Amino acid sequence: MQKLSIIIPVFNEQATIYDVLVKVNDVELVQGIQKEIIVVNDKSSDESAKEVERYLNEFPSNNVQFINHEVNKGKGGALHTGIKNATGEYTIIQDADLELDPNEYNIIIAPVLDQSADVVYGSRFLNQKMQGSKMGKAANAFLTNLSNVVFGTNITDMETCYKLVPTPIFQSLNLVEQRFGFEPEITAKLAKLKHLKWQEVPITYIPRTNEEGKKIGWKDGFRAIYCILKYGWFTSKKSSVNRGLGEYQTTK
């Protein structure tokens, strides 16, 4: 791995996007790996775009792509744009809030560098100090367990933002979900590629509240259930590709 593409979808994150960009920029990847930062502003109605521009003016660099959507497409739509423009050997997703710590990138890429994994998920549930409401944890656990049954996987955090995937594979998948259904869709479609070796590593998670700007809600939970069934059981009846993972390992 010579370059890591980091996709940051942004929608109304004026309070945090500047700090996130500073944190991402400050991370020094091991083995001299370079960073490519792709910021996709999904037609924010606040000052998010100005905050990104403020960062670019204060920290001029040629490793940041700033893309503005003319219409709001949703988080999945923003990620589609970022994935299309990624040029690193691997791609990881970074939310524009401060719930996850970019300093843990090196933990996530380690299994790829030692060739023990092709795909790495950062799991919030492997961290014994995981924060969050009981309802939120229960909902995430339910969706992950359901996806394990449907996709034939064995992971602990399907909804995690930190998914490290080879860029060519990311770009080869026909991804269609525009909102938060992206998470089960990408997991389902990766699970069908049985040659891939997967691994999970623990990550730090400090959730924010709805008042602080958290956007995912109960409607997205129902959509996630629908997407798990749609891209798992329903599509498997139309395909000869077996579900499941070629190899799987969890790092605790």
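Visitor: Is Gln31 buried or exposed?

Guide: Gln31 is exposed, with 67% relative accessibility. Buried means under 20% relative accessible area, exposed over 50%, and partly exposed in between, with a 1.4 Å probe and protein chains only. Keep in mind that this is a predicted model: local features need pLDDT of at least 70, side-chain atom pairs count only at pLDDT 80 or more, and totals for chains, interfaces and linings use all residues. Residues are numbered from 1 along each chain as its sequence is written, and side-chain values use heavy atoms, with hydrogens and water left out.

Visitor: Where is Gln31 found?

Guide: Gln31 is in the loop between α1 and β2 (34-41). Helices (H or I, at least four residues) and strands (E, at least two) are DSSP runs, numbered from the N terminus. Gln31 has a positive phi of about 60°, although it is not a glycine. Most residues other than glycine have a negative phi.

Visitor: And what phi does Gln115 take?

Guide: Gln115 has a positive phi of about 65° and is not a glycine either. Gln115 is exposed, at 63% relative accessible area.

Visitor: Staying with α4, which of its residues are buried?

Guide: In helix α4 (residues 105-113), the buried residues are Tyr105, Asn106, Ile108, Ile109, Pro111 and Val112. Their cover includes β1 (3-10), α1, β4 (90-93), β5 (119-123), β6 (163-166) and β7 (197-202), judged by contact, meaning heavy atoms within 4.5 Å.

Visitor: How many helices and strands in the chain?

Guide: Eight helices and eight strands. The chain has 252 residues, and 51% of them count as buried.

Visitor: Now the core. Which residues touch the most other members of the largest one?

Guide: Leu4, Ile8, Leu164 and Leu190, in a core of 61 residues. A nonpolar core here is a set of buried Ala, Val, Leu, Ile, Met, Phe, Trp, Tyr and Cys residues joined through side-chain atoms within 4.5 Å.

Visitor: What is Ile8 in contact with?

Guide: Leaving aside neighbours within four places in sequence, the contacts of Ile8 include Ile17, Val20, Leu21 and Val24, as well as Gln94, Asp95 and Ala96.

Visitor: Different topic. How many aromatic pairs?

Guide: Five. Rings of Phe, Tyr and Trp (its six-membered ring) pair if their centres lie within 6.5 Å; planes under 30 degrees apart count as stacked, over 60 as edge-to-face and the rest as tilted. Tyr18 and Tyr55 make an edge-to-face pair, 6.2 Å centre to centre with 75° between the planes.

Visitor: Why does the Tyr18 and Tyr55 pair tie together parts apart in sequence?

Guide: Because Tyr18 lies in helix α1 (residues 17-26) and Tyr55 in helix α2 (residues 48-58), the pair ties together parts 37 residues apart in sequence. Both tyrosines are buried. Ring pairs link Tyr18, Tyr55 and Phe59 into a cluster.

Visitor: What lies over the face of Tyr18?

Guide: Arg54, at 3.7 Å from the ring centre. The rule is that NZ of Lys or CZ of Arg is within 6 Å of the ring centre and within 35 degrees of the ring normal. Arg124 lies over the face of Tyr205, at 4.9 Å from the ring centre.
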